Amino acid sequence: DIQMTQSPASLSASLGETISIECLASEGISSYLAWYQQKPGKSPQLLIYGANSLQAGVPSRFSGSGSGTQYSLKISSMQPEDEGDYFCQQSYKFPWTFGGGTKLELK
Amino acid sequence: EVQLQESGPGLVKPSQSLSLTCSVTGYSITSNYWGWIRKFPGNKMEWMGYISYSGSTSYNPSLKSRISITRDTSKNQFFLQLNSVTTEDTATYYCARSQYYGYWYFDFWGPGTMVTVSS
């Protein structure tokens, strides 16, 4: 299975701060990488697919980048509603696998 | 709008079978791929498998022969059965639509249902 190593495990950011979350795949995944946000008690919401394509309706302060084995999610200006858990997920090879998650809090 | 809703027992005894239903509205399950994902206490997420628009299936090998995903197209529902459960199967179970637009991703999810395996 492809292992997805996500970092950091937790992050505290100030209002307006730019933050990045990283995801490292154990082998190349050719941009078959999605990012999700999950708020407490809610289901995950798709933010980014194909490593850098913004899902419809997602604020433009979210962006994704990367290639090969290294990918990142950037939030360009932290907002209170951005608090939650973030997951990466590869769909390059079966079984599809997820990163361990990053808990983002507002400082 | 596509909506998914999981349903099923919240408590299952060890060695028994876990059975969940995902009811889909706003979109036909005879299109796209429809899957099950679970989130364990501690936040680890696991893709369990999917059933395709044609009824073919793909499963996570980690679940070996314990898993079965089926569907009822007349009710626009698909189902998860996980046999011989243990306490390690305690998790929140989500159903989701898999979309392909150059890349695969899950674009619609159900709210999730928590299942506890305990005697």
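Modeller: Helices (H or I, at least four residues) and strands (E, at least two) are DSSP runs, numbered from the N terminus. This is a predicted model, in which local features need pLDDT of at least 70 and side-chain atom pairs count only at pLDDT 80 or more, while totals for chains, interfaces and linings use all residues. Residues are numbered from 1 along each chain as its sequence is written, chains are lettered from A and ligands numbered from 1 in the order written, and side-chain values use heavy atoms, without hydrogens or water.

In chain A, P8(A) sits in the loop between β1 (4-7) and β2 (10-13). P95(A) belongs to the loop between β9 and β10 (97-98) of chain A, and F94(A) is joined to P95(A) by a cis peptide bond with omega about -5 degrees. Most peptide bonds are trans, and most residues other than glycine have a negative phi.

Chain B has exceptions in phi. S15(B), in the loop between β2 (11-12) and β3, has a phi near 80 degrees, which is positive although the residue is not glycine. S15(B) counts as exposed because its relative accessibility is 59% (exposed is over 50% relative accessible area, buried under 20%, partly exposed in between; 1.4 Å probe, protein chains only). N43(B) lies between β4 (33-39) and β5 (45-52) of chain B, again in a loop, and its phi is positive too, near 90 degrees. At 24% relative accessibility, N43(B) is partly exposed.

D89(B) occupies the loop between β8 (77-82) and β9 (91-100) of chain B. With a relative accessibility of 2%, D89(B) is buried. Its side chain makes a polar contact (N or O atoms within 3.5 Å; within protein, one able to donate a hydrogen and the other to accept it, and sequence neighbours counted only if both atoms are side-chain atoms) with the side chain of R66(B), at 2.9 Å. Leaving out residues up to four places away in sequence, D89(B) touches (heavy atoms within 4.5 Å) residues including R38(B), L82(B) and V117(B).

C22(B) lies in β3 (residues 18-25) and C95(B) in β9 of chain B, so the pair ties together parts 73 residues apart in sequence. Both cysteines, C22(B) and C95(B), are buried.
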